[in-house]
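Thanks for making the time this morning. I would like to walk through the sheets of this model, and then turn to a pocket.

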Amino acid sequence: MKPIAISDSANFYVSAERIFDPSLKGVPVIVLSNNDGCAVARSDEAKALGIKMGEPLHLIRDKIAAHGVRVFSSNYTLYGDISRRVVAVYEDYTPNVEIYSIDECFLDFSGLRDRVGHARTMRRDVLLRTGVPVRVGIAPSKTLAKCANDIAKKNPIFKGVLDMMDPKLADWLLPLVPVGDIWGIGRKTKAKLDGIGITTAADLRDMPLRQARAMGTVVLERVVLELQGEPCIAFDDIAPQRKGMAVTRSAGIPMQGFDTLFQAITAHTTRAAEKLRQHGLVAGTMTVFFHTNRHRPDRPQYAGSRTTRLIPMSNDTLQLVAAAKRCALAAWPKVGAERYAFAKAGVMLDDLLPVEDRPKTLFDAPPRDPALMIALDAVNRRFGKKTMILGSEGVSQSWQMRVEHRSPRYTTRLSDLPVVRG
DNA sequence: TCTGGGGTCCTAGGACCC
DNA sequence: TCTGGGGTCCTAGGACCC
């Protein structure tokens with residue numbers, strides 16, 4: 001059986017902030033979602049204060065003030081760069097790395113004589129070279145490896161590494177894992193399982209396969225098999241072709257009137273087109289949506305959305321923004337538009353293809369010469385993001401999201417580095 | 001009143017993940 | 001006043017085909 005390891009970073013965004021600011025060690029720290037909306041990463045000290053994952057900032061202001069919680073806006077430029085550095089260390093310890101998320105990688109640990117020793121050395125090296133503490137779970141399936149990782153996270157006796165390749169060890173530990181903590185078991189499935197008395201990972205492992213399939217389709221059946229040590233989710237170190245991409249944002253100040261909304265949609269579409277070109281892709285379908293603040297049912301509510309085909313398939317900012325305008329106009333309220341304040345808008349692109357696979361069109365307009373977009377990207381790369389934008393993005397940009405607590409982009413912006421004098 | 005069988009493709013919605 | 005963003009996979013059901 002092939003040993004699969006998963007390595008994940010402890011409170012990754014908080015760990016990334018702590019690398020460059022030692023005063024954050026040992027004190028409660030939280031990192032906020034976009035628009036400074038809610039807490040999405042908490043240090044152990046912040047968790048101990050009872051700050052929950054996803055809790056809105058405006059509901060915990062008192063707690064923050066009372067306990068001196070340090071608060072950060074999310075700084076994805078920084079986190080993305082730190083993530084790449086962590087992966088580079090993993091690559092020195094196994095030839096096959098599957099990047100699962102910004103802070104988690106599956107590692108192929110086959111052929112090692114001393115897996116635990118190897119993992120311990122790797123942990124020390126990641127900490128030394130990046131400053132990020134990580135934990136490692138090892139098992140014959142991804143789901144079991146995630147369980148092992150979770151157990152190592154919660155029990156310091158394992159010192160951050162747990163190897164569960166031995167089925168007897170799994171027998172012993174799985175009764176301690178709550179069923180809702182298993183990878184793939186969400187809120188709804190947990191409630192169903194609770195209802196029939198399945199409350200631990202050991203219970204779920206012993207659930208009859210037919211019953212699992214009836215209750216939760218092949219997805220739940222696979223979880224059961226994986227818990228039994230039979231891998232159903234392949235190790236995949238080649239990133240699959242992505243199927244869609246989205247750029248959506250809440251507005252710092254709610255958007256009123258078509259022009260303001262369309263400024264934001266222009267900006268999101270511009271960003272989405274850049275991402276397409278970065279990945280060498282074109283899109284075949286576009287959806288534009290916008291809606292009012294759903295947390296305020298006392299105010300007039302409206303949600304608009306429109307999908308269109310892109311012919312020819314495109315990654316050209318001008319063509320995409322033109323399509324986005326048609327969608328936005330079509331979805332715009334026919335009456336009483338002035339009553340609505342839109343809290344969020346976004347653009348989603350689907351049916352993505354590598355640009356070289358784009359189908360030829362016979363009767364429709366041919367794709368535009370890419371020279372203009374190449375020049376646009378070159379200008380914005382050299383002179384900074386948004387040096388050159390479309391006029392319809394506007395200059396006031398009142399819809400920009402709130403970013404009130406962002407740390408410097410220490411590793412990617414020279415101009416952000418603190419100046420030390422004397 | 002009676003009205004086949006089997007296949008594919010597409011979409012919307014649900015559930016889950018980090 | 002203030003509540004994130006970006007993904008994947010699966011299923012059911014409808015449209016359509018012969």
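Before the first sheet, a word on terms: two strands are said to pair if DSSP finds at least two bridges between them, while helices (H or I, at least four residues) and strands (E, at least two) are DSSP runs, numbered from the N terminus. Please keep in mind that this is a predicted model, in which local features need pLDDT of at least 70 and side-chain atom pairs count only at pLDDT 80 or more, whereas totals for chains, interfaces and linings use all residues. Residues are numbered from 1 along each chain as its sequence is written, chains are lettered from A and ligands numbered from 1 in the order in which they are written, and side-chain values use heavy atoms, with hydrogens and water left out.

With that said, there is an open sheet of five strands, ordered β5-β6-β1-β7-β8, and its pairing is mixed. At the edges stand β5 (97-101) and β8 (161-163), each with a single partner strand, so one side of each is left without a neighbour in the sheet. Neighbouring strands here are turned by 15° against each other on average, direction ignored, where axes are lines fitted to C-alpha atoms, for helices over the stretch in contact, and angles run from 0 to 180 degrees between N-to-C directions. β5 and β6 (residues 104-108) run antiparallel and are joined by four bridges, and Glu98 stands opposite Phe106 in β6.

Helix α5 (residues 115-130) lies across β1, β6, β7 and β8, at about 160° to β7, whereas α6 lies across β1, β5, β6, β7 and β8, at about 140° to β7.

The other sheet I want to show is open too, with three strands in the order β3-β2-β4 and mixed pairing; its edge strands are β3 (39-42) and β4 (70-72), each of which pairs on one side only. β2 (residues 29-32) pairs with β3 in the antiparallel sense over three bridges, and Val31 stands opposite Ala41 in β3. Helix α1 (residues 12-20) lies across β2, β3 and β4, running at about 110° to β2.

Now to the pocket. Which element gives the most to the lining of the second largest pocket? That is α6, with eight residues. And why does this pocket lie between domain 1 (4-163) and domain 2 (167-228)? Because both domains give residues to its lining, the bounds coming from an automatic or database domain assignment.

Technical notes: Contact means heavy atoms within 4.5 Å.
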